[in-house]
Amino acid sequence: MQRRTGLAWEPFALIVAVVLAWELAAHRGAIDVLFFPPPSDWFRALTGMAVDGTLASDAAATLRRLLLGVLIGSSLAAASGLLVGRSSRAYRTLNPFVAFLHPLPKIAVFPLLLLLLGLGDRPRIAVIAIAAFFPLFVTTVLGVRQLGRGTLEVASSF
């Protein structure tokens with residue numbers, strides 16, 4: 001077996017080189033700073049937010065939305081996935097809809113959710129829940145359908 005030595009710094013050096021090139025290009029006017037502000041502006045804004053406390057409060061609000069959305073989406077997906085996986089009629093009925101909706105970008109429904117749920121946290125949490133729902137739902141349905149009848153009977157008796 002060959003050992004890789006001395007290569008651990010290369011990814012870090014590449015990132016530093018890209019950030020420095022970006023900073024230099026922004027200061028020389030090679031890129032539009034309106035769309036691509038230099039990393040020094042990011043760092044200045046980030047440290048300002050850390051000092052005045054908005055970074056911690058905004059990060060906590062984001063984490064709360066993320067956890068709530070994943071909890072809602074995954075619990076609905078697990079429960080409905082178990083039901084659809086056990087019923088071949090429900091599987092045949094819902095599979096075309098899931099096959100159509102699963103690959104759609106979940107953020108594409110955000111404007112509709114804004115209209116239905118209004119402004120605030122509810123549409124954000126709903127998008128996260130929808131994004132968490134489909135992968136777990138599909139996995140649960142396929143897992144249940146691959147189980148043998150004996151395994152399902154033993155699980156239901158417990």
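**Thr 47**

I started with Thr 47 and asked for its relative accessible area, which came out at 33%. Thr 47 therefore counts as partly exposed, since that class lies between the 20% and 50% limits. I am working on a predicted model, so every value here is computed from that model. I placed Thr 47 in helix α2. I then took the C-alpha separation of Thr 47 and Val 16 and read 19 Å. The two residues are 31 apart along the chain.

**Helix α2**

I looked up the limits of α2 and found residues 39–52, 14 residues in total. I checked its span from first C-alpha to last and got 20 Å. That is close to the 20 Å expected at 1.5 Å a residue. Next I looked at what follows α2. I found Gly 53, with a positive phi near 90 degrees.

**α1 against α2**

I noted that two packed helices are described by the angle between their axes and the distance between the axes. For α1, residues 10–28, and α2, I read an angle of about 100 degrees and axes 8 Å apart. That makes α1 roughly perpendicular to α2, because angles of 65 to 115 degrees fall in that class. I listed the residues that meet. From α1 I have Val 19, Trp 22, Glu 23 and His 27. From α2 I have Pro 39, Ser 40 and Trp 42. I sorted the residues of this contact into 4 nonpolar, 2 polar and 1 charged.

**α2 against α3**

I repeated the check for α2 and α3. I read an angle of about 90 degrees, with the axes 5 Å apart. α2 and α3 are therefore roughly perpendicular to each other. On the α2 side I listed Leu 46, Met 49, Ala 50 and Asp 52. On the α3 side I listed Thr 54, Leu 55 and Asp 58. I sorted this contact into 4 nonpolar, 1 polar and 2 charged residues.

**Ser 75**

I moved along to Ser 75, which lies in helix α3. I read 41% relative accessibility, so Ser 75 counts as partly exposed. I also took its C-alpha distance to Ala 108 and got 23 Å. Ser 75 and Ala 108 are 33 residues apart in sequence.

**Largest nonpolar core**

I looked for the largest nonpolar core and found 7 residues. They are Ala 77, Val 84, Val 98, Phe 133, Phe 134, Phe 137 and Val 141. I asked which elements give two or more residues to this core, and found α3 (54–86) and α6 (121–146).

Phe 134 is in contact with Val 98, Leu 101, His 102 and Lys 106.

**Thr 140**

I ended in α6, where I located Thr 140. Its relative accessible area is 15%, so I recorded Thr 140 as buried; the cut-off is under 20%. Which residues does Thr 140 touch, not counting those up to four places away in sequence? I found Ala 77, Ala 78, Gly 81 and Leu 82.

Technical notes: Residues are numbered from 1 along each chain as its sequence is written. This is a predicted model: local features need pLDDT of at least 70, side-chain atom pairs count only at pLDDT 80 or more; totals for chains, interfaces and linings use all residues. Side-chain values use heavy atoms; hydrogens and water are left out. Helices (H or I, at least four residues) and strands (E, at least two) are DSSP runs, numbered from the N terminus. The expected span of a helix is 1.5 Å times one less than its number of residues. Buried means under 20% relative accessible area, exposed over 50%, partly exposed in between (1.4 Å probe, protein chains only). A nonpolar core is a set of buried Ala, Val, Leu, Ile, Met, Phe, Trp, Tyr and Cys residues joined through side-chain atoms within 4.5 Å. Contact means heavy atoms within 4.5 Å. Axes are lines fitted to C-alpha atoms, for helices over the stretch in contact, and angles run from 0 to 180 degrees between N-to-C directions. Angles under 35 degrees count as roughly parallel, over 145 as roughly antiparallel, 65 to 115 as roughly perpendicular and the rest as oblique. Ala, Val, Leu, Ile, Met, Phe, Trp, Tyr, Cys and Pro count as nonpolar, Asp, Glu, Lys and Arg as charged, and the others, Gly among them, as polar.
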